[in-house]
Amino acid sequence: MQTTKNYFFQAFLLLIISAGAFIAFKTVLPKKLLEQAKLESKNVVIDSLLLDAIDEDKNNGLVDEKDSLIKKIITFKPNPKSGVKYTAEKFDNYKGYQYVIPFYEKLQKLEATKTGQVRIAYFGDSMNDGDMIVQDIRKLFQEQFGGQGVGFVNITSESASSRATITHEFSSNWRTQSYLKVKKPTRSFGVNGHVFFANDTLHPTWVRYKASNYKFLAQLNNPTLFYGNSTNKEAMISYIIGKDTIYKKLNGENQLNTLKLADNLKSVKVNFINAENVPVYGFSFDDGKGVHVDNFSNRGNSGLPISIFNVGMMQEFNNKLNYDLIVLHYGTNVLNYGSYDYSWYEKRMTKVVNHLKQCFPGVAVLIVSTADKSTKYDLQMKTDSAVVPLAMAQKKYAVKSEAGFVNLFTLMGGDGSMVQWVEGVPSKANKDYTHFNYTGSKEIAKLIYNEINNGYKLFKVLNKGLITPKRKKDSVYTKIDSTNE
C-alpha cells in the first residue's frame, strides 16, 4: 500500500514539474507551433512542378533581388489599336487595366453590335472546384452581354459530383494524364491540362452530360467534341437522339479536331468505340454568342504546370475557341512552405505568363491574387503570415509580365478578413479558413467581376471613338461623348 502511495506522489510531482516547465518555456516556443490542418482529400495533389520549385529554392537559395518595383510608378504606352492609355499607377494600387484592353475592345464590339462572342479561360485551383466562383462570374457576364452554355468540360473530373452547373458522369476505365502529375505526356495536353484515352477494349468507355436548371445553362448548347490526331481508322462514337442511335467516325487527321453532335440537347451519353490511342480532351457547350467562360480548375495546382503547355497545340485550341482573356487565379497551394520569400514563385510565374502569351497570341491576361487565409497563432485565428508576401509576389509578376491584376486579399477586407467570413452570419467560408462556401463564392465572384467591369467602364470613357447603339430600339449608332459617361 505504501508503494502505491509513493508511485502516486511521484507521478503527481512529475506532472507539477512538467506543467511548470511548459509555462516557463512557453514564451520561447514558436507562436505557430503546429501548421493549420490543410483541407484533405484523397484526390488532392500538389503539382510536381511546385514541389520541384520548392526543392530547388531550398537547395539553391534563390533570393529576390533588391529592386525598386514597389516604389515605382507604372506608366503605360497607348494601345496601338485604340490609342487608349490609362493613367500611371503606383505599385500599391496597381490594376493594369491597360493590358486588358484587347479584351475590353472585344466586349465593346459585342455590346455595340450584339453579334459575335467573347471567350474567357479561367485557370484556378480548389477555390474554383465544382465551378465555384467561376459559375457566378459566367452568369454575371452573360446577364450583361448575353450568351448561353457552360463552356468547356473535361471527359472526367475529380469535382464532377460537386458541380451544379452541369451533371457530369463517366465510366471508370478512362486513362488520364494530367499536367499536375506528368511532365512529358504520351500526347499533348489539352487547354484543360489533361488528355484522356479510351483504351479499354473489354468494357464500354463512355461519358454523360446533362444540362442544369441554372439560368443560361438549361441546354447543352452545340455539344462539340475535341480530340487529337491518330492513325486509328476504326475509332468512332455513338450516342442516342430520340429513338435514333447515331454513329460518327473520329477522323483524327489534324493535330486538333472537333466533332459537333447536334444543335442543342438536354442530355447526352457518348460511347467511344474502338478508340484506342485517340487522345480525347473534352466537350464544349456554347451557343456561339455573347460571353463564354471555361473553368479549368485543378485541386493542388500552383499555376506552374501551365509552363509545359505545347505552344502549337494551344494555338490550335485558340484557333477553334478564340480566347480573349485568360484569368490565372492561384495561391492556395503556394502558401505555407517554410519561407516568406516568394521570389522563386514570382520568377517562375513571370515565365508562365510569357509562355501563355506565346500559346495564345494577343490574348489579355489577368492575375487574381490569393485570398486571405487564417492560421492559428497563440490559440487565435489570424491572417497567415505568408499571405501578404505571396500577394506581393503575384502583383510583381503581373507588373513584370504586363498583365492585369485583381488584389482579392484587399477586396475581401484585407488582414483578418477570412475570420470574419468564416465566423460571420451568414458564414461565407468553410472552417478550414481557406475556402469559400457557396454564399462566399458568389460574393467573391461579384468582387472580381466588378473589378473587371470597372476597368471596362473606364475604357469606354477613355475611348472617345466608342460606337454604341442608341437607347432607342433602332439600328442607328452614335458616338458617345465621354463627358456624359
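# Contacts within a predicted single chain

Asp324 is buried, at a relative accessible area of 8%. In this report, buried stands for under 20% relative accessible area, exposed for over 50%, and partly exposed for values in between (1.4 Å probe, protein chains only). The structure is a predicted model, in which local features need pLDDT of at least 70 and side-chain atom pairs count only at pLDDT 80 or more, while totals for chains, interfaces and linings use all residues. Residues are numbered from 1 along each chain as its sequence is written, and side-chain values use heavy atoms, with hydrogens and water left out.

## The chain as a whole

The chain has 485 residues, and 52% of them count as buried. Its secondary structure consists of 10 helices and 24 strands. These elements are DSSP runs numbered from the N terminus: helices are H or I with at least four residues, strands are E with at least two.

A contact is a case of heavy atoms within 4.5 Å. Among contacts with a separation of 6 or more, 75% involve residues 24 or more positions apart. The accessible surface is about 23,500 Å², and carbon and sulfur atoms hold 53% of it. The areas come from the Shrake-Rupley method with a 1.4 Å probe; for residues, only the protein chains shown count as cover.

## Salt bridges

A salt bridge requires a side-chain nitrogen of Lys or Arg within 4 Å of a carboxyl oxygen of Asp or Glu. The chain has 13 salt bridges by this rule.

One of them joins Asp324 to Lys106, with 2.8 Å from N to O. Asp324 sits in the loop between α5 (311–321) and β18 (325–329), and Lys106 in helix α3 (residues 101–113), so that the pair links distant parts of the chain, 218 residues apart.

In the bridge between Lys215 and Glu143, the closest N and O atoms are 3.8 Å apart. Here the loop between β8 (205–211) and β9 (220–221), which holds Lys215, is linked to helix α4 (residues 134–145), which holds Glu143; the two residues are 72 residues apart. Glu143 is partly exposed, with a relative accessible area of 41%. A network of salt bridges links Arg119, Asp286 and Asp294.

## Aromatic pairs and charges over rings

Rings of Phe, Tyr and Trp (its six-membered ring) pair if their centres lie within 6.5 Å; planes under 30 degrees apart count as stacked, over 60 as edge-to-face and the rest as tilted. The whole structure has 27 aromatic pairs.

Phe141 and Tyr449 make an edge-to-face pair, at 4.8 Å between centres and 85° between planes. Phe141 belongs to helix α4 and Tyr449 to helix α10 (residues 438–462), so this pair ties together parts 308 residues apart in sequence. Trp174 and Phe272 are edge-to-face because their planes stand at 80°, with ring centres 5.0 Å apart. Trp174 is in the loop between β5 (166–170) and β6 (175–178) and Phe272 in strand β15 (residues 267–273), so the parts tied together are 98 residues apart in sequence.

| Residue | Relative accessible area |
|---|---|
| Phe141 | 2%, buried |
| Tyr449 | 6%, buried |
| Trp174 | 9%, buried |
| Phe272 | 7%, buried |

Ring pairs also join Phe123, Phe152, Tyr179, Phe189, Phe226, Tyr281, Phe296, Phe309 and Phe317 into a cluster.

A charge sits over a ring if NZ of Lys or CZ of Arg is within 6 Å of the ring centre and within 35 degrees of the ring normal. Lys395 lies over the face of Phe91, 5.0 Å from the ring centre. The charged end of Lys428 is over the ring of Trp421, at 4.3 Å from its centre.
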